[in-house]
Each structure stands twice: as structure tokens, then as C-alpha cells.
Amino acid sequence: MLYLSDIEKKQNIKFPEEYKRLYQSGFKEFSNRLEIHVNNEVFSIHKFLSAAEINDILEEFYDFWGYDVVPIAETDYEDYICLYYRENAKSPSIIYWNYELALENSTEGITFLYSSMHEFITNIIKL
């Protein structure tokens, strides 16, 4: 079994405490479909990822992300909501990563959503 602590060691990161609490609770607080509304765009979260899924996705997309981007949720279009450690290793921001746009230009595939995990959690809309 893979744990978040395994990913922290492998990626040399620390998951935000708020995320760890949600993960340990099985995201029960967010059991329904979820949406994020940012700048007239709507992102639908299909599911939050397990540690094993995070690890598999990190391996698949390492060439795009390196160690600075860690997926935490999958959207309806098989894109990802990610923790973004490039600008602040201690307090990652939250981004939306669009696979199709990233194929053409890795930076165009990134849409900034929130500056912190706390901001992300408080802005999720439960449907």
C-alpha cells in the first residue's frame, strides 16, 4: 500500500495539513459532485485521487511536471487539479492542468485557481 508520506519523500514535498486531514477522512466532506468557479470558468471534480493514483499519474506525466506539480483530483475531462510547488515549496498554490493544452505548450496547460489549499477548500461548490 502506498501512503502520502511515500509521495512526500519521493517528490521532496510536504502536503498541506488541510489536505492530509481531508485525505485521511476519505474526502467524506466532499462526497457529492463538486465544482470550482474561477474567472467565468467551471471545473468539475470527478474524484479525489488515492496515493497510488497520485503516484501513477506522477510517473506518467513526470516529463511535464517534474517534482513541482502533484495531482490531487481528477476533473471530468481527465485533466487534474494539482498542488503547484514551483512558486512556494512550503505552501503550494492550486492549479488546473489541462492535458491537451500542455501537449502544445506546458505553461499554457496550467490555469491558476487558488493561492492555498484553504482557499481551494472554502471555494468548492457542492452540487
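This is a predicted model: local features need pLDDT of at least 70, side-chain atom pairs count only at pLDDT 80 or more; totals for chains, interfaces and linings use all residues.
Q: Two strands pair if DSSP finds at least two bridges between them; what makes strand β3 (residues 69-75) and strand β4 a pair?
A: Strands β3 and β4 are joined by 5 bridges, and at least two are required, so they count as paired. The sense of this pairing is antiparallel. One of the bridges sets Glu74 against Tyr80 in β4. The two strands also form a hairpin with 4 residues between them, and Glu78 in that turn has a positive phi of about 60 degrees.

Q: How do you know that the size of the protein chain agrees with that of a compact globule?
A: The radius of gyration is taken over C-alpha atoms, and the globule rule is 2.2 Å times the number of residues to the power 0.38. For 127 residues the rule gives a value near 14 Å; the protein chain has 13 Å, which agrees. Taken along the principal axes, the box filled by the C-alpha atoms is roughly 35 × 35 × 25 Å.

Q: Why is Phe27 called buried, while Asn39 is called exposed?
A: Buried means under 20% relative accessible area, exposed means over 50%, and partly exposed lies in between (1.4 Å probe, protein chains only). Phe27 has 9%, so it is buried; Asn39 has 68%, so it is exposed. Phe27 belongs to the loop between α2 (17-24) and β1 (34-38), and Asn39 to the loop between β1 and β2 (41-48). Neither residue is a glycine, yet phi is positive in each: about 55 degrees for Phe27 and about 45 degrees for Asn39. In the protein chain, buried residues make up 46% of the 127 residues.

Q: What makes Lys10 partly exposed?
A: Its relative accessibility is 38%, so Lys10 counts as partly exposed. Lys10 lies in helix α1 (residues 4-11).

Q: How do you know which residues Lys10 is in contact with?
A: Contact means heavy atoms within 4.5 Å. Leaving aside neighbours within four places in sequence, Lys10 meets this condition with Asn55, Glu59 and Tyr67. The C-alpha atom of Lys10 is separated by 24 Å from that of Asn98, which lies 88 residues away along the chain.

Q: Why is strand β5 described as largely enclosed?
A: Strand β5 (residues 93-97) has 5 of its 5 residues buried, so the rest of the structure largely encloses it. In a regular strand, side chains alternate between the two faces of the sheet. On one side of β5 are Ser93, Ile95 and Trp97, on the other Ile94 and Tyr96, and all of them are buried. Ser93, for instance, has 7% relative accessibility and therefore counts as buried. Its contacts, not counting residues up to four places away in sequence, are Cys82, Leu83, Tyr84, Phe112, Tyr114, Ser115 and Ser116.

Q: What makes β4 a mostly covered strand?
A: In β4, 5 of the 5 residues are buried. Tyr80, Cys82 and Tyr84 point one way, Ile81 and Leu83 the other way, and all are buried.

Technical notes:
Residues are numbered from 1 along each chain as its sequence is written. Side-chain values use heavy atoms; hydrogens and water are left out.
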